[in-house]
Amino acid sequence: MGYTPDGYGQISVGIYNCLPPDRPVGYNAPEEIYLKRCPKVEYFRAGPAFRASWDYSVTTSEIEAEFPLSEAYKKFGIAESQVVRVHETWTDWIIGTPEKLKDAASWAAPYGPVALMSAANPDLAHFAGKRVAVAPFICGSTPFEGVQNKSYVDEASITVTDSTTEGWEFGLTAEAGMEKKDGPSVKSTASFRWSKTTTHTTEVRKSHTESTTIPGKEGQWTKLDMRACAGVYSGWLRYPIDRDKYGLYPMRAPVQAPGFPNPVAEHQLHAPASTYSDAEATLLRDYHQAEEDYAKALQDTTTAGPSDSGEGIFAGASLHLMNAEAERRRLEAAIQALGI
């Protein structure tokens, strides 16, 4: 299945914003992967909706087009006759799930099986998949136009805690954020959980804080992304039913690039001026102007300072600051709503 890049060269693969699988990214995400356990998952509620770091919206026909079942059977070392059921979606319960467990996972409806599979005996499952993309998006700067230099400070950390009988199991919880240097805070954060195996240690914490200047280009839009050092794999999750009988689920999940020490990496992306409509371009320009207005209002407030003699000046500067902040947040919300 092919994915069409947008102006920045990004592709949408299910729930993931990624880069194409053949794009040079500075690390090697294997073309195929085989895990003797279920990939790690973070799941939570976002308002009334269930969310998870697996792409649990995938269907059998979708994954079959990217990684045929016949290839998966070879990877798993089983025959088609040993498969009791190939589940169409993740709304299907694992064969033999007790009613009490269904009730316990009802909070994640209709995707209760996702929560159960990641919590109940995940080491009994096997995952085989094919790389369909790399560098899933975590967070990024707001695109800016033309020849400008904008500086950002980014932070990333990773904590490793889990282990299995086959070695140390990396449940990589990567957290990243981005903040404009010498300006108002525009920090955006997100977290995901990926999978990796090592034999070196049970616990690792890696962190870095770096300042990066992004050079804009004439006639282009520019942005800085923080993306996971991982591949996104489409494949099948096999779980045991009896001694030599199995069930399969279609699956798409990010898996950390083996042997690569960094959890995330920066990617500077450029897109032609035609990437955005006139209305979208105006919104982005207004947002960056609002950022500058807010920074100036913040400086004016600091300069005025609270004092008996300048109380009126300080009050006026504070009101200007609040109005500038409100406008910046309004435009930021509009950009997020449009998915720009």
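Colleague: How many aromatic pairs does a search of the whole structure find?
Modeller: Six aromatic pairs turn up when the whole structure is searched. Keep in mind that this is a predicted model.

Colleague: OK, take Tyr239 and Tyr249. What sort of aromatic pair do they form?
Modeller: A tilted one: the centres of Tyr239 and Tyr249 are 5.8 Å apart, with 35 degrees between the planes.

Colleague: Why two values for one pair?
Modeller: Because a pair of aromatic rings is described by the distance of the centres and the angle of the planes.

Colleague: And which strands do Tyr239 and Tyr249 lie in?
Modeller: Tyr239 is part of strand E15 (residues 230-242) and Tyr249 is part of strand E16, so the pair ties together parts that are 10 residues apart in sequence.

Colleague: Which residues form an aromatic cluster?
Modeller: Tyr8, Trp221 and Tyr276 form one.

Colleague: What about charges over rings? Where does Arg238 lie?
Modeller: Arg238 sits over the face of Tyr246, 4.3 Å from the ring centre. There's also Arg328, which lies over the face of Tyr294 at 4.9 Å from the ring centre.

Colleague: Switching to the core. Which residues touch the most other members in the largest nonpolar core?
Modeller: That core has 52 residues, and the ones touching the most other members are Tyr27, Trp54, Trp90, Met117 and Leu237. Strand E16 (residues 245-256) gives the most to this core, namely six residues. Another core, of seven residues, lies apart from it; Ile11, Cys18, Ala133 and Val232 are among its members.

Colleague: Let's zoom out. How many helices and strands are in the protein chain?
Modeller: Six helices and 17 strands.

Colleague: What share of the residues counts as buried?
Modeller: 46% of the 340 residues in the protein chain. As for contacts, among those with a separation of 6 or more, 77% are between residues 24 or more positions apart.

Colleague: Last one: what does the accessible surface come to?
Modeller: About 16400 Å² for the protein chain, and 50% of that belongs to carbon and sulfur atoms.

Terms used: Residues numbered from 1 in each chain as written. Predicted model: local features only at pLDDT ≥ 70, side-chain atom pairs only at ≥ 80, totals over all residues. Heavy atoms only, no water. Core = buried A, V, L, I, M, F, W, Y, C linked by side-chain atoms within 4.5 Å. Buried < 20%, exposed > 50% of the residue type's maximum accessible area, 1.4 Å probe, protein only. Helix = DSSP H or I, 4+ residues; strand = E, 2+ residues; numbered from the N terminus. Phe/Tyr/Trp six-rings, centres within 6.5 Å; stacked < 30°, edge-to-face > 60°. Lys NZ or Arg CZ within 6 Å of the ring centre and 35° of its normal. Contact = heavy atoms within 4.5 Å. Areas by Shrake-Rupley, 256 points an atom, 1.4 Å probe, with all protein chains shown as cover.
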